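Okay, thanks for coming, everyone. Let me put the model up and walk you through it.

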Amino acid sequence: MQTVQEAMRAHRSIRTFTPESVPDAVVREVLEEAIAGGSSSGNLNSYSVILTRDAARKEALYRLHAEQEMVREAPVVLTFCADWFRTREWLRLRGARDNFNNLLGYHVAAFDAMIVAQNVALAFEARGYGLCYLGTTLNSMRGIAELLELPETCVPVTTLVVGVPAEDPAKRDRLPLDAFLHEETYRRPDTAELEALYREREVKGWARYMAHPDLRARIEEGGIRSLAEFYTSRFKYDPDVHVPQSAELQAFLAEKGFLPRG
């Protein structure tokens, strides 16, 4: 088994898996370790994890996650939820005042869920398994919540697919530490620093996307000239899509009790 440091430095997103299963005992051991080792606001443990193995349910999740084949391939799909339902039911049973059905509650629960999700990722990777986070969880929160029968004040925030890797992709680069670290107060980078910070990323990232023939054709067809333009094009993080999706997210959180309705 790898150390935590080794697992972090070796991290890669795995999107293709062998048919080999992940034993239930391993899944439970990983989850127990991740929960025990994860910080939780007030020790209220405001999250839940939905384990999906059933082929029919994975097929439904596959459709909700933009038909990404790895959802079908991975033997284990874990949906991490910001969950106050359990805690609020306990409060009710004990005659305590209700709370956490508000925006602050959503933030606390979402962050708790993300903390434990990253612990789960590290624990699986230390054991040699591969995984990938699914950002499409945020695009399909309503549909996922309906499929998984999530109650009020319980919403999905991220998903991991887990299995035995069937690929060995190169590790992707990150920006240098100076891009992230600010001593004492936030330091706004000037133009020269931004150019230096992103120079290598622009070269490597652009080369990686252009190496895919279908994607290259779309990039050229769209007149996209740089990595920056690609990231906010209709092929990646399209502002014209993000704006209505943001409104949908707001409406969904209101329906689930985290924001005022109407």
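Helices (H or I, at least four residues) and strands (E, at least two) are DSSP runs, numbered from the N terminus. And the caveats: this is a predicted model, where local features need pLDDT of at least 70, side-chain atom pairs count only at pLDDT 80 or more, and totals for chains, interfaces and linings use all residues. Residues are numbered from 1 along each chain as its sequence is written, and side-chain values use heavy atoms, with hydrogens and water left out.

E2, residues 76-83, and E4, residues 154-163, pair in the antiparallel sense over eight bridges, and Asp83 stands opposite Cys154 in E4.

Now, what's inside? I'm calling a nonpolar core a set of buried Ala, Val, Leu, Ile, Met, Phe, Trp, Tyr and Cys residues joined through side-chain atoms within 4.5 Å. Buried means under 20% relative accessible area, exposed is over 50%, and partly exposed is in between, with a 1.4 Å probe and protein chains only. The largest such core has 54 residues, and Tyr106, Val120, Phe124, Val155, Val161 and Val162 have the most contacts inside it. Which helix gives the most to this core? That's H6, residues 103-126, with ten residues.

Take Phe124 as an example, with contact meaning heavy atoms within 4.5 Å. Setting aside neighbours within four places in sequence, Phe124 touches Val22, Val26, Val27, Val30, Leu78, Tyr129, Leu131 and Val162.

Just after H6, Gly128 takes a positive phi of about 95 degrees.

Glycine aside, two other residues are worth a look. Asn43 has a positive phi near 55 degrees, lies in the loop between H2 (24-36) and E1, and is exposed at 58% relative accessible area. Thr153 has a positive phi near 50 degrees and sits in the loop between H8 (141-147) and E4. Is Thr153 buried or exposed? Buried, at 0% relative accessibility.

One more loop residue: Asn102, between H5 (85-93) and H6, is partly exposed at 28%. Leaving out neighbours within four places in sequence, Asn102 contacts Gly257 and Phe258.

Last stop, a helix pair. H9 (191-210) and H10 (213-221) pack at about 110 degrees, with axes 7 Å apart. That makes H9 roughly perpendicular to H10. The axes are lines fitted to C-alpha atoms, for helices over the stretch in contact, and angles run from 0 to 180 degrees between N-to-C directions. Under 35 degrees counts as roughly parallel, over 145 as roughly antiparallel, 65 to 115 as roughly perpendicular and the rest as oblique. On the H9 side, Trp206, Tyr209 and Met210 meet Leu215, Arg216, Ile219 and Glu220 of H10.

Methods: Two strands pair if DSSP finds at least two bridges between them.
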